Amino acid sequence: MLGQLFSKSGAAVLAALCAFAVRAQGVPETQVLLAPSAGARVVAMIATTPQVAQRYDPTQARFTPDPQLVALGRQLFHDTRLSEPSGTSCASCHDPARAFGPDLRRGLRDTEKSPGTALGSRAGQFGQRAAPSLLYVRYVPRRYFYQDDDALVPSFFGGLMADASSDSLAEQVSAPLLNPREMHNRSAAHLLARLKGNGVAQMLVPRFGEQVKSDSKALLEALGTSLQAYLQSDELSPFTSKFDRFIRGQGQLDTAELRGLALFKNPDKGNCASCHTVSETASRPERSLFTDFGYEALASPRNKRLVENRNPRYFDNGLCETAKKLKWPEPEQWCGYVRTPGLRNVAIRQSFMHNGSLTSLREVMEFYNTRGTDPVRWFGKSGAFNDLAPQFHDNVNVNSPPLNRKPGSAVALSDADIDDLVSFLRTLTDERYVALMPPVLQRR
Ligand code: HEC
Ligand code: HEC
């Protein structure tokens, strides 16, 4: 967000947005649903995206999905007939045994290496981005803008996928189903023909009617409604981590973990909480989802193992692709921005960042700490951000500590600080997954 304020085009953007705000005065004061039953007053529209009067508050969201739909959604989530060829279910990449995130070794031959993203339904075809954990995904609000009193321009929040390309869980479902590198159905019509033939569509008839066998839109809606109900169920928001026991007064953090929490919050040290929201004094775990659902351009290093990155001119530019589709003014100001992920269960991941470029939690901490002071380590000889088209480098956040350092200057975090931060992040692992955490990497 800061990157945007300080970008060269800031004034032009401000003018454009003001024009929008004026035009939007005619907008009736409506409510939008950012999450089930968490309505929000709309004060303006930025193209097709609402600007609301108040930030979304996850503690206000209520989830009461119909138990029958949840059961149907759970069944579909594990159904390997949804992919072409069949064999890959949602659970293949969002494995319940791995916090609904991927096991990157799944489906690989011993000699085959994972590029940091999950295998799709065809041999040797891997996803373009890292699959996130789907635990707590129900709290991700729909897309919205919000402008703080002291901010010059509205900031953007919410939406699913790293680039907000989906607005809701129900809508998101068609993305993996139709992605050639994931479930590889060629089109909605093709999906309809397949699911009619293999019995999946028939499963949906009692609930959604015969049209799911003849109308691809009705079929996708039925799949989306069911899978959304499952993802919104309490099964996917367990809140059983050591940190949760701590905030409920049912357990303690040890001294290293407490030091890590303090560094996580300290604006001059980790400063992590400025994006990864935490409120350890509130007993409600929804106050600590470790994301504000906002977007940032951090310039994660290029993942050279991804096939598209063999083309030096290819860049995954994140949010600006969505900004263009949604017709926001000056979409390019959003190039490089991706959603801040929640950090619960992050300690069991096998790859990190939207592009899967980093491979351990300690490496992520070192990236934050030394991106500014030692750019050559992350971006190669030139030291220039290497996973974002050069014309967008000004969008990158160079203001938030610890990312605000210059080459050769002192780092914000010592090695011991990084150990403590990692210790703290490990307390965010739900009970069921604690045994999956890799041993702590020893420094030196
Ligand atoms: C081949 C692996 C793969 C399969 C199969 C797959 N996904 Fe995903 N999923 C991903 C990746 C990769 C992303 C992140 C994409 C992005 O950021 O653009 C993702 C993102 C998501 C998200 C958004 C999460 C967030 O925090 O924004 C949801 C929801 C989701 N998947 C649900 C599903 C469902 C439901 C299915 C089955 C219909 C499914 N996925 C099948 C790999 C997969
Ligand atoms: C300015 C906002 C901001 C700050 C400050 C920040 N983060 Fe992040 N964090 C992000 C964003 C955005 C991403 C996603 C980057 C990407 O996908 O390329 C991210 C990604 C991560 C990831 C990888 C998660 C995953 O699932 O791959 C970890 C771990 C993490 N941050 C921890 C931290 C810690 C610890 C700190 C403090 C030292 C911190 N972050 C500071 C915004 C921030």
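How many bridges join strand E1 (residues 31-35) to strand E2 (residues 38-46)? The answer is 4, and the two strands run antiparallel.

Before going on, note that this is a predicted model: local features need pLDDT of at least 70, side-chain atom pairs count only at pLDDT 80 or more, and totals for chains, interfaces and linings use all residues. Residues are numbered from 1 along each chain as its sequence is written, while chains are lettered from A and ligands numbered from 1 in the order in which they are written.

Stop 1: Strands (E, at least two residues) and helices (H or I, at least four) are DSSP runs, numbered from the N terminus. Two strands pair if DSSP finds at least two bridges between them. Pick Gln31; its bridge partner in E2 is Arg41. E1 and E2 form a hairpin with 2 residues between them. In the turn, Ser37 has a positive phi of about 65°.

**Stop 2: the domains.** Colour domain 1 (67-138 + 168-236) and domain 2 (242-436). Their bounds come from an automatic or database domain assignment. Their centres, taken over C-alpha atoms, are 27 Å apart. The contact (C-beta atoms, placed from the backbone, within 7 Å) takes 14 residues from domain 1 and 22 residues from domain 2.

**Stop 3: ligand 2.** Select its shell: 25 residues surround ligand 2, counted if the C-beta atom, placed from the backbone, lies within 6 Å. The closest are Gly270, Cys272, Cys275, Ser300 and His354. Finish on helix H13 (residues 361-370), which gives the largest share of this shell, 3 residues.

Methods
Two residues are in contact if their C-beta atoms, placed from the backbone, lie within 7 Å.
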